Amino acid sequence: MPSNSGTKWSASFLASLTPERRADFLSQLTARELKSLRFDWAFWARPEQREPSGDWHTWLILAGRGAGKTRTGAEWVRACVCGPTPLSGGRYSRVALVAETAADARDVIVEGPSGLLPIHPRGFRPKFEPSKRRLTWPNGAVAMLYNATEPDQLRGPQHDAAWCDELAKWRYARETWDMLQFGLRLGHDPRQIVTTTPRPIAIIREFLAKEGHGVVLTRGSTYDNRANLAQNYFNTVVKSYEGSRLGRQEINAELLDDVADALWTRSMLDRHRVARGASLPRLDRVVVGIDPAARPSGAGDKTSETGIVVCALGEDGRGYVLDDLSNRQGPMGWAQKAVAGFDRYEADAVVVEINQGGAMVETVLRAVRGGLPIRAVRASRGKTVRAEPIAALYAQGRVSHVGALPTLEDQMVQFTPFGIEGDGAADRVDALVWALADLFPRMIRPVPDAATWDDERGGGGSWLT
């Protein structure tokens, strides 16, 4: 890293200042000091962009678009190969730079706005020889460019450090990664950094499984770097995709997956999603579906959750999922939450499953609001049998989610004909099913001698099976 000795400030001092004091301090610097500060990464970097301490082999950065991961990778390489002066050596001197394609290696890693050439002060800047796929620093350190469409480029060369950019997009991720590992053998402590937007590919999952065992994981979202991105970008692009599957992956850097044979997929949910705040058709009927917790929630309990989902039937004949109010509170807590949702969305009824707790469920709701229109339903068939006709509505494009309902949707895409995938529960899905089944009664076969609407309201109805 370039030395700042001789100036009247230090990186640690600047990093300790509040934004207001920092701006005031910068206004007092000379042109020479400002020029030096421009290349001081210790000053500009956010904490998560600084190299982790400890014993590790791979630094994995999973971050959204524009989060600053490319700049972090470039600055890490610069810190690795540059000493305090242009001709003094750094920690590493034989670096592999691997991108998705040859064009990405040149346009992003080397010449891009956050690439290696722009971030170096002139005296430290490496010489780039495109025809040789090579960068050479004044101190003799060399970096070679490779791409993931030709894994055999890495068969033979050896290195002491590597930077892999957008690995989750690599065409031959496994083959390229393996060839790189065989050559990462120089020096006493070879290391590598991986900067990528996450995708649910096997190699990314393997990294996550090894976290803490040679792998350090850093996460980041587009919002983390908001100060350096155009406001118009957030007003248009980010707002448009926020909450969608693509947005959760590309903006929030969430690792999303579709489970094989799941009744719902993320693309199915995204296809007919309506932005929160968008104009909806007149809603003919609104209900709050409740699936009570199987038992009182304890500290740290991840299974005892009361599902509370608000759904509506529009005059266009389509269903709209308006909100997910599910929580792990006690009986009075979830009942108050449900009644608040009933009021907020001017609902017509509460549809509550009474297998768990029976009359107690209705009693608790009435303790919060006497005269609440309650439709009590009992599950006489399995969860999957009840959910399948509702999933069919989604497949037909007859249901829209209003805005992002990430936790509910995470349960939905893990719900298979054999139950929920993994150790999770399906309380939110059950509440959704109860609500939509009430709005689309023909999707559910009635049971003879069924109970009716609450007597105070009158009207006919049937148990949902």
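In this predicted model, helix α17 is made up of 13 residues and spans 19 Å between its first and last C-alpha, close to the 18 Å expected at 1.5 Å a residue. Because 13 of the 13 residues of α17 are buried, this helix is largely enclosed by the rest of the structure. Trp434, which has its place in helix α17, illustrates the point: its relative accessibility is 1%, and since buried means under 20% relative accessible area, Trp434 counts as buried. Between Trp434 and Cys311 lie 123 residues of separation in sequence, whereas in space the two are 9.7 Å apart, taken from C-alpha to C-alpha.

What lies against this helix? Helix α15 (residues 383–395) packs with helix α17 (residues 427–439) at an angle of about 65 degrees, and their axes are 10 Å apart; the crossing of the two is left-handed. On the side of α15 the contact is made by Lys383, Arg386, Ala387, Ile390 and Tyr394, and on the side of α17 by Asp430, Leu432, Val433, Trp434, Leu436 and Ala437.

In soluble globular proteins, nonpolar side chains tend to be buried together. The largest nonpolar core of this model has 34 residues, and those with the most contacts inside it are Trp264, Val321, Tyr394, Leu432 and Leu436. At least two residues of this core are supplied by each of α12 (266–271), β10 (307–314), β12 (349–353), α15, α16 (406–412) and α17, and it is α17 that gives the largest share, nine residues. Val321, when residues up to four places away in sequence are not counted, touches Val309, Val310, Cys311, Tyr394, Val399, Ser400, His401, Val402, Leu405, Leu408 and Leu432. Apart from this core lies another, of 31 residues, which includes Trp76, Leu97, Ala105 and Ala143.

Leaving aside residues up to four places away in sequence, Gln153 touches Arg133, Leu145, Tyr146 and Asn147.

Terms used
Residues numbered from 1 in each chain as written. Predicted model: local features only at pLDDT ≥ 70, side-chain atom pairs only at ≥ 80, totals over all residues. Heavy atoms only, no water. Axes fitted to C-alpha atoms, helices over the stretch in contact; angles between N-to-C directions. Helix = DSSP H or I, 4+ residues; strand = E, 2+ residues; numbered from the N terminus. Left-handed = near helix turned anticlockwise from the far one by under 90°. Contact = heavy atoms within 4.5 Å. Core = buried A, V, L, I, M, F, W, Y, C linked by side-chain atoms within 4.5 Å. Buried < 20%, exposed > 50% of the residue type's maximum accessible area, 1.4 Å probe, protein only. Expected span 1.5 Å × (residues − 1).
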